[in-house]
Amino acid sequence: MTPPQRLLERLEAIGRSLQASGHALALIGLGSVGLERDRLDEHSDLDFFALVEPGQKARYLQDLSWLSDVAPVVFLFPNTADGYKLLYADGIFCEFAVFEPQELEQIPFAAGQVVWSRAGVDASVATPTRRAMGGARPGMEWHLGEALTNLYVGLKRYRRGEKLSAMRFVQGFALDRVLELASVLETEQPARRDPFNNERRLEQRFPRISARLSEFAQGYERTPEAALAQLAFLEQHFEVNAAMAREIRALAALR
């Protein structure tokens with residue numbers, strides 16, 4: 001079975017698990033497991049929405065047995081109020097959210113594909129109806145989870161040959177989260193802070209962490225080295241999931 005086939009089989013298994021759970025309405029595949037399956041490859045992951053009955057969202061977010069019954073889970077964290085990022089033991093990575101029908105009408109997303117639905121549920125649920133904005137200021141656990149998963153995704157893209165995207169994920173998105181975490185480790189020095197851009201005047205505000213930036217951002221050709229430096233820093237100061245750390249190191253070691 002090829003990696004894309006494994007991903008699609010896992011998605012189908014999640015659909016069957018939702019069907020058996022009793023209160024689910026549909027599983028919507030997004031991105032490369034939605035309407036863009038022509039770009040599905042060995043470095044893709046599973047992006048999906050689980051649509052559930054009104055009043056059942058909290059249950060499906062609190063009890064993830066509908067996912068863990070499918071295969072062993074080694075890492076997960078709630079990256080939004082609506083969902084998680086999750087890694088299965090066999091390396092399949094998921095980003096998902098759970099919505100009730102009335103919520104989905106307010107959620108901005110690219111059109112997807114219905115993988116499974118209960119009888120009577122219209123296929124139009126996979127098509128967004130309007131745009132919406134929202135969000136709350138995240139905490140340290142969110143920054144750590146985002147840092148780790150951006151390192152992981154960035155190294156996947158590096159191995160695919162998408163070096164520019166990889167550099168942005170590792171030395172941009174992941175580094176942004178590392179810097180947010182680092183700010184709790186060092187007293188901020190007097191300097192004008194830009195409330196919309198944390199990297200502005202960072203060298204003046206956090207001189208100690210700034211001394212590490214040449215390790216964390218090593219350039220286009222050295223994304224794996226930059227990822228390992230960031231991972232080592234995170235492990236030194238925070239509780240890092242061991243399974244995710246192993247995956248990141250394995251990807252960085254490939255030559």
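Author: A nonpolar core is a set of buried Ala, Val, Leu, Ile, Met, Phe, Trp, Tyr and Cys residues joined through side-chain atoms within 4.5 Å. Buried means under 20% relative accessible area, exposed over 50%, partly exposed in between (1.4 Å probe, protein chains only). This is a predicted model: local features need pLDDT of at least 70 and side-chain atom pairs 80 or more, while totals for chains, interfaces and linings use all residues. Numbering starts from 1 along each chain as its sequence is written, and side-chain values use heavy atoms, without hydrogens or water.

Reader: Which element supplies the largest share of the largest nonpolar core?

Author: That core has 37 residues; Leu148 and Phe216 are among those touching the most other members. Contributors of at least two residues include strand E3 (73-77) and helix H5 (140-160). The largest share, 8 residues, comes from H6.

Reader: Which residues does Leu151 touch?

Author: Contact means heavy atoms within 4.5 Å. Residues up to four places away in sequence are not counted. The partners are Val170, Ala174, Ala227, Gln230, Leu231, Leu234 and Ile248.

Reader: Which strands stand at the edges of the sheet?

Author: Two strands pair if DSSP finds at least two bridges between them. The open sheet of 6 strands runs E3-E4-E5-E2-E1-E6, with mixed pairing. Each edge strand has a single partner, so one side is left without a neighbour in the sheet. They are E3 and E6.

Reader: Over how many bridges do E1 and E2 pair?

Author: Strand E1 covers residues 24-30 and strand E2 residues 46-52. Ile28 stands opposite Phe49 in E2. The pairing is antiparallel, and the bridges number 6.

Note on methods: Helices (H or I, at least four residues) and strands (E, at least two) are DSSP runs, numbered from the N terminus.
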